[in-house]
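Reader: I have the model open and would like to go through some local details. Can you walk me through them?
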Amino acid sequence: MKKNYDERIKSLMSQMTLEEKIGQLRQCGPSLVGAFEVSFEELLDMMFDGRISEEEFGRLMSTAEQDFHEDDLKAGRIGSYNGVGDAKTANRLQKIAVEETRLGIPLLFGYDVIHGFRTVTPIPLAESCAWDPGLWERTARMAAEEATSGGVHMTFAPMVDVARDARWGRISEGAGEDVFLNSAYGTAKVRGFQGADLEKTDSMAACVKHFAAYGAVEAGKDYGRVDMSMQKLFEEYLPPYKACVDAGARAIMPAFNDINGVPCSVNGWLLKHVLREQWGFDGMTISDANAIAECVEHGIVPDRKTAAKAALEAGMEMDMTSNVYAGELLKLVQNSETEIETVDRAVEHILRVKFELGLFDNPYQTDEEREKSTLLKTDHRALAREAAVKSMVLLKNDCMPDKDGTRRKSDAGPLLPLQKGTCLGIFGELAEDKKEMTGAWAIGSNPEDCVSILEACELRGITYNYSRDAENITEMAAKSDVFLAVLGEKKDESGEAASRADITLPGEQIALVEKLMASGKPVVAILFNGRPLSIPHIAEKVPAILEAWHPGTEAGSAVLDILFGDANPSGKLTATFPYASGQCPVYYAHIQTGRPGGKSKFTSKYIDTPLDPVYPFGYGLSYTKYEYSGLQVRCEESAFRIHVSVKNVGCRDGEEIVQCYVQDKTAKRVRPVRQLKAFEKVLLEAGETKSVEFIIPFTELGYYDWNMNYVIDPGEFVFYAGGDSNCSLCEKAVLRV
């Protein structure tokens, strides 16, 4: 049961000056000074543009000093910091806030703990492929334990932006293309981050982002526009945020983008009407970095003063790093252009979160000893390895073809798992580059903590030969039994500000695969990447493909666990793999058209690509096989009850992700061809059969009509069950309302 802090907040507010109130709305990022003559942002641009090397950037940074604006802090003009993640600094700044300011209001430290802190778990897109809410909650709990030991009180996660365009770099930060799955992922992360009691020192507030529909930016280009109908917004993009609010998330971060012409940072309809009035959210809101100031560039306001007024009145409460509130709100209130009551409401929400976190009663929630004993613990590395294994998706596992493309009849079975004692010929720089294993937004990590494929081979005593390129294939072939082609993206090729118009593999990687295949040796492709890639050539030519994503600290160990059969792969895709970049956005739950794609010319398709994607949503192979039967659907008083039998028909134990999809055959608005409505991960011993039950409430089958009324039509529904979104086992049922 939530505690009531109203009286304490009211008492504190009565003592605060206007300037101190505005200070609570300011989240400050430490400035870097003393190492260079340009701003830190310009220095970053110089590195990304290639004007200076990454090594030169690191050298300059090593001599920089951080300016925490302590004069402002002592004057009560800072309420929060972003980017402080070590106990020593956090406690030093907190001591100033608590012991040297007039009212002693504690600081709130925020940090991007997206997929682990020091111990890095797979990127969210990868981990979503485990389809395992229990795992998602456990890894978030581990991240909270580590981050809070470093002084962090709030993480800017989870990201639950439904993302259907693989060109968008930030697809790596969420759970992919499906509404239902993003909702399940987000609620699990909120529970894990926040724990059972926010006041406990190993719990941190979850800040859900990016509200709203950031994943739908036009053409997958970061920071772009979002223009869509209200029905689509409420049915396909808002539900995951709502699920996180219902799970008790204490903060919301509005998105950079506009929705139908109004930037989220100044969108009162979104932040007040939807978030607070309709959903009953009682936590705090915080802008994305510099987002309020950027409303001037959007063209929705003429200057920073108007941006401050518009954002605050729209319901944006804390300003992350743009200093717009700090520079403008005092004059706005003094000149009666903004009401003091508007400032007060924002401050109350922020103070409430600080009280809930126990900061007033226990401002020093960690120390260096706790930090040292918590980071990168043995059991944390074990969990990171488990998460990496369960996140990887086996995309293909055929026998090795002859050079003419035919399958060898002498081969008894698929290429994987490899036999013990197999000597590997490993190609590709990603096999040795530890720093690329963490993926985007792993800012609390140390790349040296990561285990590369080469290091994992050494730790396990696996014989291998290694080459970064294809120059010595003949020599390598003579000494190796199987070739590993380690392909994909570097970590800065996905994530924020890393949208790509072309998501195919680089030409040199495709050329490497061609040369390896021509050698006659069995080839396994290992993919390290932060988004679905367009890989039709690899999918056609290479006999075995493991999608490893950016798997984190235990990358190499997890890859070898799967390759050598110590673990049976169970991951399934949560985002469609397109045949070509030009197919994007591509997703399974598309709306039915009057001319569905087919062989006939005048149907909905591209003339230069196949009708189907390379790999569909929900797809993933195992080292065993599963058969589905006996699908039954029963209509009860308020829900459909679905049963399906799943049998492990292979010779080893495994976990199967059973998926249930629904199609509304006829409605007053055209509906998707099918939608995921339930899933369950089932452990099956070899030869074992289990019956899986799903209960789908009628309320989950509705939609918004033309007048934005949520309606549930009576009529025929088709239920599908199986191992991916293309499952064909189906049963019809009629709903009468």
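Author: Start with H298. In this predicted model, H298 has a relative accessible area of 37%, so H298 is partly exposed.

Reader: Which helix is H298 in?
Author: H298 belongs to helix α13, residues 295-298.

Reader: What does H298 touch, sequence neighbours aside?
Author: Leaving out residues up to four places away in sequence, H298 touches F256, D258 and P263.

Reader: And how far is H298 from E56?
Author: Their C-alpha atoms are separated by 34 Å, and the two residues are 242 residues apart along the chain.

Reader: Staying around there, what is the phi of N290?
Author: Near 65°, a positive value in a residue other than glycine. N290 sits in the loop between β11 (284-285) and α13. With a relative accessible area of 30%, N290 is partly exposed.

Reader: What about N260, what is its phi?
Author: N260 is not a glycine, yet its phi is positive at about 50°. N260 is in the loop between β9 (258-259) and β10 (262-263). Its relative accessibility is 33%, so N260 counts as partly exposed.

Reader: Why pick those out?
Author: Because most residues other than glycine have a negative phi, and most peptide bonds are trans.

Reader: On peptide bonds, then: which residue is joined to H210 by a cis bond?
Author: K209, with omega about -10°. H210 lies in strand β7, residues 205-211.

Reader: And which residue has a cis bond to P417?
Author: L416, where omega is about 0°. P417 is in the loop between β13 (393-397) and β14 (424-427).

Reader: Change of topic. Is S557 buried or exposed?
Author: S557 has 7% relative accessibility and therefore counts as buried. S557 is part of helix α23, residues 555-563. Apart from neighbours within four places in sequence, S557 is in contact with R385, V451, A456 and R460.

Reader: How many residues of α23 are buried?
Author: Nine of its nine residues, so the helix is mostly covered. The buried residues of α23 include G556, D561 and L563.

Reader: What is the phi of G565, following α23?
Author: G565 has a positive phi, near 80°.

Reader: On to the nonpolar core. Which residues touch the most other members?
Author: In the largest nonpolar core, which has 132 residues, those are F211, L395 and Y615. Helix α16 gives the most to this core, with seven residues.

Reader: What is L395 in contact with?
Author: Setting aside neighbours within four places in sequence, L395 is in contact with L527, I535, I545, E547, L573, F577, Y615, Y619 and L621.

Reader: How many residues does the second core have?
Author: The second core is separate and has 37 residues, among them M392, L484, A544 and A567. In soluble globular proteins, nonpolar side chains tend to be buried together.

Reader: Back to α16. At what angle does α16 cross α1?
Author: The axes of α1 (residues 6-15) and α16 (residues 340-356) cross at roughly 125° and come within 10 Å. That angle makes α1 oblique to α16. The crossing of α1 and α16 is right-handed.

Reader: Which residues make the contact?
Author: From α1, D6, R8, I9, L12 and M13; from α16, D344, V347, E348, L351, R352 and F355. By class, the contact of α1 with α16 has six nonpolar, no polar and five charged residues.

Reader: And α10 with α11, what is the angle there?
Author: Roughly 50°, with the axes of α10 (residues 230-237) and α11 (residues 239-246) coming within 6 Å. α10 and α11 are therefore oblique to each other.

Reader: Which residues are in that contact?
Author: α10 contributes L233, F234, E235, E236 and Y237, and α11 contributes P239, P240 and Y241. The contact of α10 with α11 has six nonpolar, no polar and two charged residues.

How values were computed. Residues numbered from 1 in each chain as written. Predicted model: local features only at pLDDT ≥ 70, side-chain atom pairs only at ≥ 80, totals over all residues. Heavy atoms only, no water. Axes fitted to C-alpha atoms, helices over the stretch in contact; angles between N-to-C directions. Helix = DSSP H or I, 4+ residues; strand = E, 2+ residues; numbered from the N terminus. Parallel < 35°, antiparallel > 145°, perpendicular 65-115°, else oblique. Left-handed = near helix turned anticlockwise from the far one by under 90°. Contact = heavy atoms within 4.5 Å. Nonpolar A, V, L, I, M, F, W, Y, C, P; charged D, E, K, R; others polar. Core = buried A, V, L, I, M, F, W, Y, C linked by side-chain atoms within 4.5 Å. Buried < 20%, exposed > 50% of the residue type's maximum accessible area, 1.4 Å probe, protein only.
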